[in-house]
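Me: I've got a structure to go through and I'd like to take it one question at a time. Can we start with the picture?

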Amino acid sequence: MYRYILNRLLLSIPTLIGAAALVFILMRLIPGDICVVRLGSGGSINPTAVANCHAQLGLDRSLVLQFFDFIAGFARGDFGTSMWSGKPVSQEIATRIPVSLEIALLATLVAVLIAIPLGTISALHQNSWLDHIVRTVAIAGIATPSFWLGIMSILVVLEVSHLAFGAPWMPPIDYVSLWDDPLRNLSIVILPAITIGYRYSAVTMRMTRSAMLEVLREDYIRTARAKGLFEHIVVNRHALQNALLPVVTLIGIEFAFLIGGLVVTEQVFNLNGIGRLFVLAVQNQDYTLTQALVMLTVAIFVVTNLAVDVLYAWLDPRIRFG
Amino acid sequence: MTVLAQDAPALRRSWLDTAFAFSRRQPLGTFGLVVVVAAAIAGLSAEWIAPYSPTANDFAAMTEPPSAAHWLGTDQFGRDLLSRIIYGARTALIIGFVSAFVGGFAGLVLGVGSAYFGGLIDLVLQRVMDVLMAFPLIIMALAVVAIFGTGVQNVIVAITVPLVPRCARVVRASALSIREVPYIDAARTCGFGHARIILRHMVPNVVAPFLIMLTAFVGQAILAEASLSYLGLGVQEPTPAWGLMLQGGAEEYASTAPWIAIFPGLAIALTVFGFSLFGDALRDAIDPKLRDR
């Protein structure tokens, strides 16, 4: 097993280097000059000041050197300083990651709590009206843009609070840690989490239903029923446990992609998280910050995929590590 | 023999019978198709069916609620929402179809080619696909828009690029099993060229998963366009686009003029919903093995 994990980790190195090269090239292809933007857009800009800025940010060196610096820094865990704010990139990320991570984890919880029971019920009542409703809800979840769902949830909260308390209430936007003020924290993250979680649950629900349908047709389920076991034992202990394998995989893979959902949702709720930082970094042509954020996303993707594969093999003893 | 030859045409059903059978077997899929066709008609004939110009401002009727004059109300600039949604269908479908088809076909060629040639070509292509797949669609699109700028054409490029590896991966999986079947060996033995074997013998056999994916891609592309436009990185004013209609005014006027936020979002959700339902039904019709998924 250790050998398998080591092999997988080694195989992920080309992916990480490829991603690093891609983001490095993409960022340099963006037209414009961060130094010109930083030194102000109004009036004439002193060429000496621009040259000094290039030297200060290391942009006067060859692209190859810049790339190797970036890779070496990444390997050491040193992401450099943000070209826009001048603060260390790790600090920029560290201040914003709690809110994004909390939303992502809560969204996963929301998704699992909705998807697994509904997907199971849908499979158990295949082609019934209940099944049709659940499938329709799932497809609607995939079709609805998360940012629109976010706007609608704000609208509902405004209307309901207006009706209930006589004054509209909006969730606060200044992030407070869960440990400092749990209630305020929850009021900040719950709507974005539900917004992202609904879409996430829709994908998971479809997978749970499909996996359950396959497992429910297996011989060992018939045997379990023939033994006279209670239906809830057949479903929970024999069917669901086996059907959850592909669901776990999907949850893991989708978790890695949650950052994409955060980019738009954080904008709707005006939250200062990683997603919003991404948009700002690209807009400001902040090479170091964008590169670090992309590498972080790709690293999360690679590690999550590996974790899912290991978990998959651990959950299913029939799978051998190849 | 004569009897059999005469009977054969009678067994073949007309397209109307086929359509009727499809609608009976797949009511949700038929609903999806109706939504897609309605959106297509709206987009194609926007000039004739939209009651107002999508860019005409009426400063005397700003943030008007739905009424007989403006069925879905007006936005903060006094523009008719229904007209903008009808014209927005054109923008959404152009971007959706072009991105899905270009991305899909590029993925099809790369996926089948990768499976057919195998070896080093496959290894290198798959690693490239791994890298592209590791980028979430919206982040890849953000970078491409930052390079090429905003506007319809650049948004199409931004959405097409991330769709290529997603298609190539699925098509390659199907093509790998086809590569091993005897008729491919037979084609090689006959001395056919690589292009002929790929295009004439392999591609037709991966069309089923490809078509299913294509319908999903159109929906995904419409969602991606809406997200980019919402972030201000997609289609720019005054082009009517659903995501753009939700930018700015939608949140600002959420409590005083909620129709500005409700209707464009409904248009996006309903259209993508239509594509998803139709795609699911198409999958069931093409591949009965997947019916329960």
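Me: Which residues in α1(A) meet α4(A)?
Reply: Keep in mind that this is a predicted model. On the α4(A) side, the partners are Leu63(A), Phe67(A), Phe70(A), Ile71(A) and Phe74(A). Sorted by class, the residues of this contact are seven nonpolar, no polar and one charged. The residues that α1(A) brings to it are Ala20(A), Phe24(A) and Arg28(A).

Me: Is α1(A) parallel or oblique to α4(A)?
Reply: The axes of α1(A), residues 2-29, and α4(A), residues 63-76, come within 11 Å and cross at roughly 135°. Angles over 145 degrees would count as roughly antiparallel. The crossing of these two is right-handed. With that angle, α1(A) is therefore oblique to α4(A).

Me: How are α11(A) and α12(A) placed relative to each other?
Reply: Helix α11(A) covers residues 258-268 and α12(A) covers residues 274-283. Their axes come within 7 Å and cross at roughly 85°. Angles from 65 to 115 degrees fall in one class, so the two helices are roughly perpendicular.

Me: And which residues in α12(A) meet α11(A)?
Reply: From α11(A) come Ile259(A), Leu262(A), Val263(A), Thr265(A), Glu266(A) and Gln267(A). The contact as a whole divides into six nonpolar, three polar and two charged residues. The α12(A) residues in it are Ile274(A), Gly275(A), Arg276(A), Phe278(A) and Val279(A).

Me: Is α9(B) buried or in the open?
Reply: Helix α9(B) has eight residues, 182-189. To count as buried, a residue needs 20 or more other C-beta atoms within 10 Å of its own. The number of α9(B) residues that are buried is zero, so the helix lies largely in the open.

Me: What residue takes a positive phi just after α9(B)?
Reply: Look just past the end of that helix, where the backbone has a phi of about 85°. The residue there is Gly191(B).

Me: Which element gives the largest share of the side of chain B that touches chain A?
Reply: The contact takes 35 residues from chain B and 37 residues from chain A. On the chain B side, α6, α7, α11, α13 and α14 each give two or more residues. With eight residues, the largest share comes from α14(B).

Me: How many nonpolar residues are on that side of chain B?
Reply: Sort the side that touches chain A by class. Polar residues number five, and so do the charged ones. The nonpolar count is 25.

Me: What ipTM does the predictor give the complex?
Reply: For chain B, the mean pLDDT is 85, and 93% of its residues reach 70 or more. For the complex, the predictor gives a pTM of 0.85. The ipTM is 0.84.

Key: Residues numbered from 1 in each chain as written. Chains lettered and ligands numbered in written order. Predicted model: local features only at pLDDT ≥ 70, side-chain atom pairs only at ≥ 80, totals over all residues. Buried ≥ 20, exposed ≤ 12 C-beta atoms within 10 Å, placed from the backbone. Helix = DSSP H or I, 4+ residues; strand = E, 2+ residues; numbered from the N terminus. Contact = placed C-beta atoms within 7 Å. Nonpolar A, V, L, I, M, F, W, Y, C, P; charged D, E, K, R; others polar. Axes fitted to C-alpha atoms, helices over the stretch in contact; angles between N-to-C directions. Parallel < 35°, antiparallel > 145°, perpendicular 65-115°, else oblique. Left-handed = near helix turned anticlockwise from the far one by under 90°. pLDDT = per-residue confidence, 0-100.
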